[in-house]
Amino acid sequence: MSKSTPAAAIALPGPMPGPGPGPAPSPTSDAATADALVHTHLRAVWRYLRWQGASPHEADDLTQEAFVVALQKGAADLEPAATAAFLRRTARFLFLRHRRGRDAEQLADAVDELWQRHAAHDGGEGLLDALRECLGELTDRARRAVELGYGLGANDRLGRVDLGKELGLAPDGVKTLMQRVRQQLRACIERRYP
Amino acid sequence: MRTNDRGEFADRAKELQMDALLHEAAGAVPAADLEGRIAEALRGRARSPTRRGNTWLFAAAALLGIGTVAAVAWLRHGERSALVPAQDPPPAPAPAPTPAPQEPKPAPQDPKPTPPTPPAKPPAKWTTWIADYSENKVRAIDQDGKQVREVADVFGIWDVELLANGNLLLTEFAVCRVREIDGKGKSVWVFEDLKNPYDADRLPNGNTLIADTFGSRVIEVNPKGEVVWKYDKGIRPFDCDRLPNGNTLICNVLEDEVLEVSPAGEIVWRAGKLPIVHDADRLPNGNTLVTLRSKGLVQELDRDGKVVWELGRLKSPSDADRLPNGNTLVAENTRVREFDRDGKEVWRCPAVWAVEANRYAER
C-alpha cells in the first residue's frame, strides 16, 4: 500500500486520546476479542470505504489499517454500535489522508450522511438486497447493460466500446443508457429505502 | 466555497454509493485473506519488540555470513515491518472462512463463544450443505466441522438441495438457472427460462418447484422442462415449498406475506406483516417458521399468525430450518448456526455469506 501522508488537519478520532497507537495492546484487545471484532465489522468497514470511493484493493488496505489503529486505541472496549462508528471514523481519517482539499471532506460528509440513512443499522446489507431486487425490475436490455457493464453474474466486465458493440449502441449511447439505468436503480432503491 | 451547495456533493456521493453497490452485487468482496492479514498485523505489532530483536540478530548473522548489502536490506525490512506492520503486512496464513478441521469451534465473532453442547449420546452422522453467495460455491460440512465436499463456480448461488440420488439441485440467481449436477459436477438437468430465481425443490413426483423470483412466479417444471403448474398473481417469491396436502407455501416479498396456495391457485392461508420474508417452512405441528432477513429474526407462527417462538439478534438471516432434534438451523450473513429451543447456540460454521443451509442425515 502507499505510504502515509502526515495528517495535519484531520484529527484521528479516539475515545482514548493519545499521541497515537502504542506498542502494547489494551487488556481487552486480546487475540480472541480482536478476531471477533474484526469478523463482525470487517465487511461494513470495507463497504464504507468503497462508498467513499476507495478501490477494492485500497479498501482492503485501509480496512486493515483501520482495524489495527482502532484496536490499538481501545475500540474493543466500546459498545458494538460505538465500535462500528469508531471504526468508520478511523477509516474515514485514513482515507482522507490520501485526499487533499475541502472538497474531499465535503464529499466524505455526504457519503457519511448516506451511510447514516441507509446502512448504519445493518452495515448496508439491506440496501444491497434492495439493489438486487431492483435489478430484477429493469427491462431485459437495461439489465443486460448493467450485467455487462459491471460484470454481474458470470459476465466479464466490458468497457464502453465493447459494451456498445454488444448492445448495438455507439459509446455515447451506452453512456446515456447507463446513466438512465443508474437513475432507475437509484429511484427504485430510494423507494425501498426512503 | 467553490462549489455552490451541498447538493453537488450529495449527488456525487450517491454516484459513489451506486457504483460500490453495483460492484458488490457483481461479486466485489474484501480480499479473502483480509481477516488473516489483520490478525497477523495485530500480532506483529504486539510482538514487535521480539521480532525486532530477531531481525537484528538475523541482520548480524547476515552481515557476517552473507554480505553487507543483503544484511542492510534485511535490517531495513525488519525495522519497517516491526514499526508499521499494518501498512506492509507479510502474506498471512489467513484463517480461511472454512470450518475447523476437527470439532466445530465457535466462530470468533462472539466475544464469549458458546461451546458446542456435548450430545448425550453419540450423534447421528449428518452433513450440512451451505450455499455461500459471495463465494459462488456450495460446501458440505460434516458434524465435526470438516468440509467433505465443495462445488465451486455456481454463480450467485441461493439454494442447494441434496437429492435422493446423491445429485445436487442448485439455484443460481446470477445466471438465471436451476440445474442438477451429479457427483462429478456434470449437469444432468438444467432449466433456464428464469429471471433470477432464489429457490428450487425437487418434488416426490420428480418435478421441480422453482421460485422464479424476478419472473414473478412459482412454477412446477417436469423433467422435460415443461411448466406443468404455476402461480403468478402479483408475487415476488423468495421461497416456495410444496406441502404434503398438495398446496404450495410461498414467501411473497412484494406484499411482505406468506401465502398457502391450493393447486387451483386459491389462497387458503395467509400471514402478513412479514417484511423481507426470505424463507418459510410449514412445521409438522402446523405452525410456520419464517425468516425475516432485515429484522434479523426467525419466528414460529401459529395458524393465526401469532408468534409462538422467536430467535432474534441474527445477522441478516436468509434461511432457517427446524431440525428433527427440535433445534433450528439458520443461515446468516457470515455463518451458519444451530440453536436449541431456548435460543442457545449449539453449533456454528463460518461462511462468507451463507444464504441457505440444509442438513442431511448420512445415507
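1. In this predicted model, strand β6 of chain B, residues 177-181, is largely enclosed by the rest of the structure, because 5 of its 5 residues are buried. The side chains of R177(B), R179(B) and I181(B) point one way from the strand, while V178(B) and E180(B) point the other way, and all are buried.

2. Strand β6(B) has a partner in strand β5 of chain B, residues 168-172; the two pair in the antiparallel sense over 5 bridges. Within this pairing, V178(B) of β6(B) stands opposite T171(B). A hairpin is formed by β5(B) and β6(B), with 4 residues between them, and C176(B) in the turn has a positive phi of about 55 degrees.

3. The hairpin of β6(B) and β7(B) has 5 residues between the strands, and G185(B) takes a positive phi near 85 degrees in it.

4. The composition of each chain deserves a separate remark. Chain B has 4 helices and 24 strands, whereas chain A has 8 helices and 0 strands. Buried residues make up 53% of the 363 residues in chain B and 52% of the 194 residues of chain A.

5. The separation of contacting residues along the sequence may be stated for each chain. In chain A, among contacts between residues at least 6 apart in sequence, 68% join residues at least 24 apart. In chain B, residues 24 or more positions apart account for 38% of the contacts with a separation of 6 or more.

6. The size of an interface is often given as the accessible area lost when the parts come together. The area buried between chain B and chain A is about 6100 Å², and carbon and sulfur atoms give 58% of that area.

7. Between chain B and chain A there are 9 salt bridges. One of the salt bridges joins the side chains of E15(B) and R182(A), at 2.5 Å from N to O. Across the interface of the two chains, 19 residue pairs are in polar contact, both residues being at pLDDT 80 or more.

8. R50(A) lies in helix α1 of chain A, residues 31-52. R50(A) counts as buried because its relative accessibility is 9%, under the 20% limit. Leaving aside residues up to four places away in sequence, R50(A) touches S55(A), P56(A) and A59(A), and also L16(B), A20(B) and H23(B). The side chains of R50(A) and H23(B) are joined by a polar contact of 3.3 Å.

9. Over all chains, the whole structure holds 35 salt bridges. A network of salt bridges links R43(A), R47(A), E125(A), D129(A), R132(A), E24(B) and R293(B). In helix α8 of chain A, residues 171-192, R186(A) and E190(A) lie 4 residues apart, about one turn of the helix, and form a salt bridge with the closest N and O atoms 3.5 Å apart. R186(A) is buried at a relative accessible area of 11%, whereas E190(A) is partly exposed at 28%.

10. E345(B) and R348(B) form a salt bridge whose closest N and O atoms are 2.6 Å apart; E345(B) is buried at 6% relative accessibility, and R348(B) is buried with a relative accessible area of 3%. In the salt bridge of R335(B) with E332(B) the closest N and O atoms are 3.2 Å apart, and both residues are buried.

11. Helix α6 of chain A, residues 140-150, is mostly covered, with 8 of its 11 residues buried. Just after α6(A), G151(A) takes a positive phi of about 75 degrees.

Key. Residues are numbered from 1 along each chain as its sequence is written. Chains are lettered from A and ligands numbered from 1 in the order in which they are written. This is a predicted model: local features need pLDDT of at least 70, side-chain atom pairs count only at pLDDT 80 or more; totals for chains, interfaces and linings use all residues. Side-chain values use heavy atoms; hydrogens and water are left out. Buried area is the accessible area (1.4 Å probe) that two parts lose on being put together, summed over both. A salt bridge is a side-chain nitrogen of Lys or Arg within 4 Å of a carboxyl oxygen of Asp or Glu. A polar contact is a pair of N or O atoms within 3.5 Å; within protein, one must be able to donate a hydrogen and the other to accept it, and residues adjacent in sequence count only if both atoms are side-chain atoms. Buried means under 20% relative accessible area, exposed over 50%, partly exposed in between (1.4 Å probe, protein chains only). Two strands pair if DSSP finds at least two bridges between them. Contact means heavy atoms within 4.5 Å.
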